[in-house]
Amino acid sequence: MANMEISSQHRLLLSFYLFSLFVYPEAVKVTYNSNNFSAGCIEIEIKALLEFKQGLEDPSGRLSSWVGENCCQWDGVGCSRQKGNVIQIDLRNSYNLTYPEYVMFGSEAEAYERSSLSGKISPSLLNLKYLSYLDLSKNNFQGIQIPSFFGSLRELKYLNLSHASFAGMIPPHLGNLSNLQYLDLFPYSYTNVDSKSLWVSDLNWLSRLSSLRYLNLGNANLSLASNNWLQAINMLPSLLELHLPGCDIRNLPKSLPNVNFTSLRVLDLNNNYFTSSLPPWFFNVSTLVDLNLANSEINGTILNDAWRNFCNMQALDLSFNGFSGEFLGSLSKCSNISLKVLRLRYNSFSGHIPESLGNFRSLRCLQLSGNSFLGPIPASIEKLPFLEELDLSSNKLSGAIPESIGQLSALSYLDLSMNSWEGTVSEIHFLKLKHLKCFSLSSVNQSLAFSVRNEWVPPFSLQVIFIKDCRVGPTFPAWLGTQKELVSITLIGVGISGTIPGWFWKQSPKIRWLELQNNQLSGMLPKSLNFSLGAIRVDLSSNLLKGTLPLCSNVQSVSFSNNKFSGLIPQTIGQEMSMSQILELSGNSLSGNIPSSLNKMKKLTTLDLSSNQLSGKIYTQWKGLDELNTIDLSQNNLSGGIPSSMCSLPQLQVMKLSSNYLSGELSLSLQYCTNLSTLDLGDNKFTGKIPDWIGDRLLSMSILNLRDNMFNGSIPEALCGLPGLHILDLAHNNLSGPIPPCLGNLSGITSFKPYFPVPSHPPYSEEIKLNVKGRQLEYTKILYLVNIIDLSGNNLQGEIPDDIAYLTYLGTLNVSRNQLTGNIPEKIGNLKLLESLDLSCNHLSGPLPPSMPSMTSLNYLNLSYNNLSGQIPSNNQFLTLVDPSIYEGNPGLCGPPLPTKCSMQNDEDEAHKKENDKEEDGTERILFYSGMAVGFVVGFWGVCGSLMLKKSWRYAYFRFVDRQKDRMCVSMEVNMTRIRRNTLINRR
């Protein structure tokens, strides 16, 4: 890949050009002839150099030649031919780096440290009055500050402190170096990924460096100077190269009245945070030859004529931004197209790749991956005879791959993966690709097939091959046997079957990456697979391989999952695979105990032995596996309890022991697994109460699965204190008591938490089986988005708490098969993201809340076998819930989809009749009393009124009354006399 970094080569050549012609011409001559200078050095300069040497640490003895009187013959020292003064110190570390910028580890880091200078820099250098050139790059000064006295070395023209691990504030005193032409302070560290950075308070001091032609402050923090960085740079009229990558600059000024850096040829502003479009002044810098704006959050549409001023451009990188529109059109109109490198990866470009691409005859590197280009590859691609790198991956390209690609004889890197190709790939596609080293191809619609002869001998010798979702089979490709330089092989889902040929394993010692998963490979593997030291990945999962499990030495990540391997796990696996960090053996038929040698795998981070037939007690010697963060022993035949040593693992985050025969109460030692995010103990035989310390101590918990055990007691309220808990499965236990109302406060479900995984190695695919929508589902990739509470199959009593309606991001709620009473919470409609709701087999009563139709995401509902009543809603999501079994067992429910019609209309008629009867009764009463009143008035005034008005009637009436009174009195007296006479007779 190094030969493909054309842009980096160009900058390196340009830097050397600057150095040789502009920066220090005399130093070049002196370096060449310094050993011929016979006169002794000036005493004060010798003393200054020796004091400088005394402050340095030199483990490799690079300064061992610094003895004697003639300092001009010392390694790294250059003197003036005319006067003999020291004018150059070049102590650049010459260690041969594999890559220009990466972090070293292990023996390589140790070798680099031995070759590096470190220590303190003595101010005795101030006595070198004529020092023009100082290079301390690629050493390791371990975070010391750049000495401020460097600003007093007035004759300096060249200062290179790059890749030397300086840190702290860049001294503004450097602005005193008025003769400085070359300044490189790039602070990258080869051995410390978390090294401290350089930073500035402002860049005003730069404006005084009027002679500066090369400036590199890459990775220095310039955020405090974001508002005036461009004004300072604009004061440097001689500047040819400007490198400010990764400087945390957040402002790209919209206007610049006068552009003074009119000689600028190289501009590197990648990896900043501009969050704006390109300003108009930018397109006036027509002298640019190399422009890098990658990953700087620049957006906007590129107009067709915007880039017409950049006809001298040779290298252009706009990758990882938000550019859109047509781009190639304007550059292709230049009369002298000199573009060699074009990188437009991961933007928003769309449409067809134009035929004008063929006008870029000098193009060496073309990267268009991660856009939305569609249609076929243009036929003009064959007009690019110098093209060495072609990356069209991750677009929407379709159709057949043109055979003309086989004419690109200079091509060494070809990536056509993640498109929608169809048709066949034949030998003609590779006819003249004799320099091809890296080849990647996949088709998302799986409509592409290879069609080559078994005896085909390709013209190339690949180092990397990646083919996915294309038909390469049915047999293992024989032509791979001709590829003797392969270090990375990926053939995923390519339809190859049969056994892996023996010649393939003879090449394995060179291989560092091997992926053959999702095929139909069968047969047995050798007992031991040997790979190169530092091999990264071996994945043979999801095939039909059988026999005993092979051992892989020197491999960081090993996966033999989902095959037919059987027998015992080799007892020496820990010793033979001590370098492994990931071991995935799930989905086989492995049996026996977990071997004790696992504690020899000190680098192990992930152990997945799930879905086998392992038996016995869980391995107990976990102590010492300090990097282990994931243990998956689920779906085996393990018994006993959880060993206390498992929680001696400081990094443990995932513990999956479900579907075994584990028993007893939860060990108190589990409370020391304080980093656990997933605890899956479902489908075992654990007993006792769910301990409070789960909520009090395991505060990182996000997934808790205790279903299908024999836990009793109540649900501890302490679980409500787990801030990240979003999957809680306690189903099918013997739990009793109420549902804690505080579950409505689970912050992991009340708010959305974005997830940005950044794996440093092939990630363990965490899986968990959950009962959702009435069936068991297995969640993997989207597990972090799943929000579930399942309390079904217990003996919980009381009402469903109203606070459950606060769980606005809840996706599944299952409290079925309990003894719950009361009404469904009135505000349950607030759960607008709820997809599955199961309240069946309880004693719930009352009507369905009016808010329920607001749950517009609901697609599974079970309310059966309760005492619910009233009419079933008939709007929104309820229009799709038409299975009568959803509501059966509720005699009081009526309306579609149940056959029971609601009696609401009859009730209304009866009520209306009763109301009418009431109205009629009221009318009769009014008429009756009204009649009585009228009759009384008429009768009273008819008699009394006549007596009052007619005197003769009045006299006659009262005489009649008097006579009747007299008659009554006489009658009473006669009767009384008769009674007394009879009484006297009886006494005698």
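The model is predicted, so to speak of local features takes a pLDDT of at least 70, side-chain atom pairs count only at pLDDT 80 or more, and totals for chains, interfaces and linings use all residues. Residues are numbered from 1 along each chain as its sequence is written, and side-chain values rest on heavy atoms, with hydrogens and water left out.

Of the 988 residues in the chain, 50% are buried, where buried means under 20% relative accessible area, exposed means over 50% and partly exposed lies in between (1.4 Å probe, protein chains only).

Next come the disulfides. There are five in the structure, each being a pair of cysteine sulfur atoms within 2.5 Å. One of them ties C72 to C79, with 1.9 Å from S to S. This link of C72 and C79 is left-handed, at -100 degrees about the S-S bond. C72 counts as buried because its relative accessibility is 0%, and C79 is buried too, at 4%.

Another disulfide joins C647 to C673 at an S to S distance of 1.7 Å, and it is left-handed as well, with -95 degrees about the S-S bond. The pair bridges distant parts of the chain, 26 residues apart: C647 sits in the loop between β41 (637-640) and β42 (654-656), while C673 sits in the loop between β43 (661-664) and β44 (678-680). C647 is buried at 11% relative accessibility, and C673 is buried at 3%.

C720 and C742 form a further disulfide, with 2.0 Å from S to S. The torsion about their S-S bond is about 60 degrees, so this disulfide is right-handed. Here too distant parts of the chain are linked, 22 residues apart, with C720 in the loop between β47 (710-713) and β48 (727-729) and C742 in the loop between β49 (734-737) and α10 (747-750). Both cysteines, C720 and C742, are buried.

Methods: Helix = DSSP H or I, 4+ residues; strand = E, 2+ residues; numbered from the N terminus.
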